[in-house]
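Thanks for making the time this morning.

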Amino acid sequence: MTRLRNTLIAGTRGLYLAIVSLAGSITLFVFSVLSIAFILLGIGVLTTPAVLTAVRKYANLRRVQAGEWSDVHIPVPYRKRPADLRSGVTGQVERCSLLLKDPATWRDLQWLLVDMTAGFVVVIFAPALVLYPVYGWVLALGVWKPIYNAGGGEWYGFIHVNSQMAANGAAALGTALAVLALFVNPAVVRGHFLLARTLLAPTASMRERALAQRVDRLEETRYDAVDTSAAELRRIERDLHDGAQARLVAMGMDLGTIEALVEKDPAKAKEMIAKARQNSGEALTELRDLVRGIHPPVLAERGLGDAVKALALRLPVPTEVDVDLPGRAEEPVEAAAYFAVSEALTNAVKYAEADRVWVDVHHEQGMLRIAVTDNGKGGAVLGAGSGLSGIERRLGTFDGVLAVSSPVGGPTMVTMEIPCELS
Amino acid sequence: MRVVLAEDLFLLRDGLVRMLEAFDFEIAAAVETGPELTKALTELRPDVAVVDVRLPPSHTDEGLQCALAARRARPGLPVLVLSQHVEQLYARELLADGNGGVGYLLKDRVFDAEQFIDAVRRVAAGGTAMDPTVIQQLLSRHTTDEPLGALTPREREVLELMAQGRSNAAIAAQLVVTERAIAKHTSNIFAKLGLPVSDDDNRRVLAVLAYLDQGH
């Protein structure tokens with residue numbers, strides 16, 4: 001029963017693919033060729049990006065269908081578009097040349113050609129193997145007669161249908177084809193996608209190029225990570241040296257003096273004991289602040305959600321926190337996310353002068369997504385030296401990204417995405 | 001008065017045991033881990049428990065969770081929670097059941113033995129002992145808004161001490177004024193904040209804390 005269902009589904013999909021690969025591929029191919037040819041006249045520069053983007057969307061749809069329908073995975077080969085494209089005509093020219101320089105564009109066009117011919121021929125078998133047997137049976141049920149009488153020498157496959165006998169033969173052949181369809185139909189659709197994959201998937205050199213880019217990026221983020229952690233260690237060393245350590249030395253000295261004074265001048269000794277106690281209290285406070293800066297205790301005890309809530313409670317402005325995390329991320333990811341939120345909140349209060357802040361933390365499709373929004377005066381930029389770019393570097397170590405939307409006049413929205421799994 | 005003590009660091013546990021014994025408390029049990037604490041709280045039925053937030057084996061907020069669970073099983077079970085850091089989030093959870101008999105203090109507060117013992121006794125008697133840091137954080141969020149902004153500096157000072165769980169007598173002693181003056185300040189504060197006046201000290205503190213925590 002499932003076999004029959006799969007066969008019919010494959011037949012329907014095959015029919016759809018056959019129609020689309022004829023109509024869609026031919027149209028897009030013609031438009032692409034015309035548009036690229038018109039670049040010489042100038043107009044093409046304006047139309048080509050649009051047409052090629054449509055081609056990419058069309059090809060991507062086929063890639064997705066290949067995965068969903070036939071379990072054929074076709075990676076997307078396109079080069080990443082740089083984020084800082086100019087607007088206006090120069091931007092358009094730049095976009096056009098970037099698209100034309102991408103070898104994946106030319107392979108897409110080749111695929112359009114193959115799709116409208118070989119792709120169509122392969123995939124048409126799926127609906128044909130379902131529909132043709134039906135025709136054979138219809139002939140055998142008597143329809144052959146009027147056709148024959150009208151003078152039509154109807155052929156069914158290799159059978160010339162000129163008698164009931166031959167018509168029965170046609171029905172038998174149709175049945176055989178239907179049985180064949182039961183076995184091969186899903187494979188036919190799969191075959192179509194495998195054919196598409198030969199041109200739609202990235203080639204070895206494209207993969208190499210992508211890998212090389214990835215290596216560059218990893219090198220960069222690793223350097224940043226080493227650099228920031230070294231700076232962090234230096235800061236911690238300095239804080240300990242000038243803070244808690246110095247206070248403990250002072251305490252030790254005070255205790256020595258107290259020892260000498262305790263019999264001669266008990267009143268003075270008592271005074272110094274109070275001072276020593278105060279020193280120890282301050283040393284503790286400094287250590288606590290330091291610990292909070294290294295790894296906040298609530299984060300260790302409760303995880304990211306409650307740590308962000310605790311952080312919000314410390315802010316002088318009302319902050320709404322919405323957390324939807326079904327588990328805990330790995331500790332370094334949690335810490336990076338926490339400090340990112342902390343920085344964004346500090347900015348909201350200190351620079352944007354917001355009087356309301358919203359934090360949203362959730363996890364979906366393998367991504368930890370965080371948004372910090374405030375109603376302050378906006379105008380925040382992700383430039384060198386700003387706290388936000390430090391956060392961006394830190395998130396980069398985990399392949400995380402940060403985006404800031406902050407028009408002058410507000411509101412400011414800082415969004416972060418870190419790929420990670422929850423446990 | 002029988003105390004159950006939970007603290008995983010030997011030096012601190014030892015010091016606390018000696019301090020509590022010096023002030024005539026009976027140590028019913030001094031335990032190191034969360035499961036031991038739960039067992040001691042259910043079986044020994046102490047008059048008060050002094051609990052470190054972070055305990056083994058998980059080294060997360062296990063002590064706090066044990067204390068909260070024990071208070072759910074036995075509402076009003078007096079618990080004083082100690083920690084290296086204080087969080088409003090935890091204070092709120094401890095106060096959430098509105099039952100009183102809770103304390104939440106920084107570990108530093110044990111330096112001042114008398115104040116600390118006073119806090120333990122207050123909690124055991126069903127009162128409250130909130131760390132000054134928690135109260136300051138709560139108050140700092142209301143610096144400008146009405147009606148807290150309408151308090152005089154003195155009233156604010158009294159409110160701060162009251163929110164920590166101190167009695168009128170203790171506040172009077174600390175600010176070096178008469179108890180009657182404090183009573184007058186408190187009734188002014190309650191009038192300005194629009195809170196119902198209560199003779200019960202503990203109810204009073206819980207009302208003030210709930211007031212300060214609202215809207216966040």
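Let me begin with a term: a crossing of two helices is called left-handed if the near helix is turned anticlockwise from the far one by less than a right angle, and right-handed if it is turned clockwise. What you see is a predicted model, in which local features need pLDDT of at least 70 and side-chain atom pairs count only at pLDDT 80 or more, while totals for chains, interfaces and linings use all residues. Residues are numbered from 1 along each chain as its sequence is written, and chains are lettered from A and ligands numbered from 1 in the order in which they are written.

In that sense, helix 4 of chain A and helix 5 of chain A make a left-handed crossing. Helices here are DSSP runs of H or I with at least four residues, and strands are runs of E with at least two, numbered from the N terminus. The axes of helix 4 (residues 103–149) and helix 5 (residues 164–200) of chain A come within 8 Å and cross at roughly 165°, which makes the two helices roughly antiparallel. Axes are lines fitted to C-alpha atoms, for helices over the stretch in contact, with angles from 0 to 180 degrees between N-to-C directions; under 35 degrees counts as roughly parallel, over 145 as roughly antiparallel, 65 to 115 as roughly perpendicular, and the rest as oblique. The contact of helix 4 with helix 5 of chain A has 30 nonpolar, nine polar and two charged residues, where Ala, Val, Leu, Ile, Met, Phe, Trp, Tyr, Cys and Pro count as nonpolar, Asp, Glu, Lys and Arg as charged, and the others, Gly among them, as polar.

Helix 1 (residues 2–37) and helix 2 (residues 43–70) of chain A pack at about 160°, with their axes 9 Å apart, and are therefore roughly antiparallel to each other. Their crossing, too, is left-handed, and their contact has ten nonpolar, six polar and one charged residues.

Back in helix 5 of chain A we find Leu182(A). Leaving aside residues up to four places away in sequence, Leu182(A) touches Arg3(A), Leu4(A) and Thr7(A), contact meaning C-beta atoms, placed from the backbone, within 7 Å.

Turning to the sheets, chain A has an open one of five strands in the order 3-4-5-7-6, with mixed pairing; two strands pair if DSSP finds at least two bridges between them. Strand 3 (319–324) and strand 6 (401–405) of chain A are at the edges, each with a single partner strand, so one side of each has no neighbour in the sheet. Strand 3 and strand 4 (residues 357–364) of chain A pair in the parallel sense over six bridges, and Asp324(A) stands opposite His362(A) in strand 4 of chain A.

In chain B, an open sheet of six strands runs in the order 2-1-3-4-5-6, with parallel pairing.

Definitions and conventions: Two residues are in contact if their C-beta atoms, placed from the backbone, lie within 7 Å.
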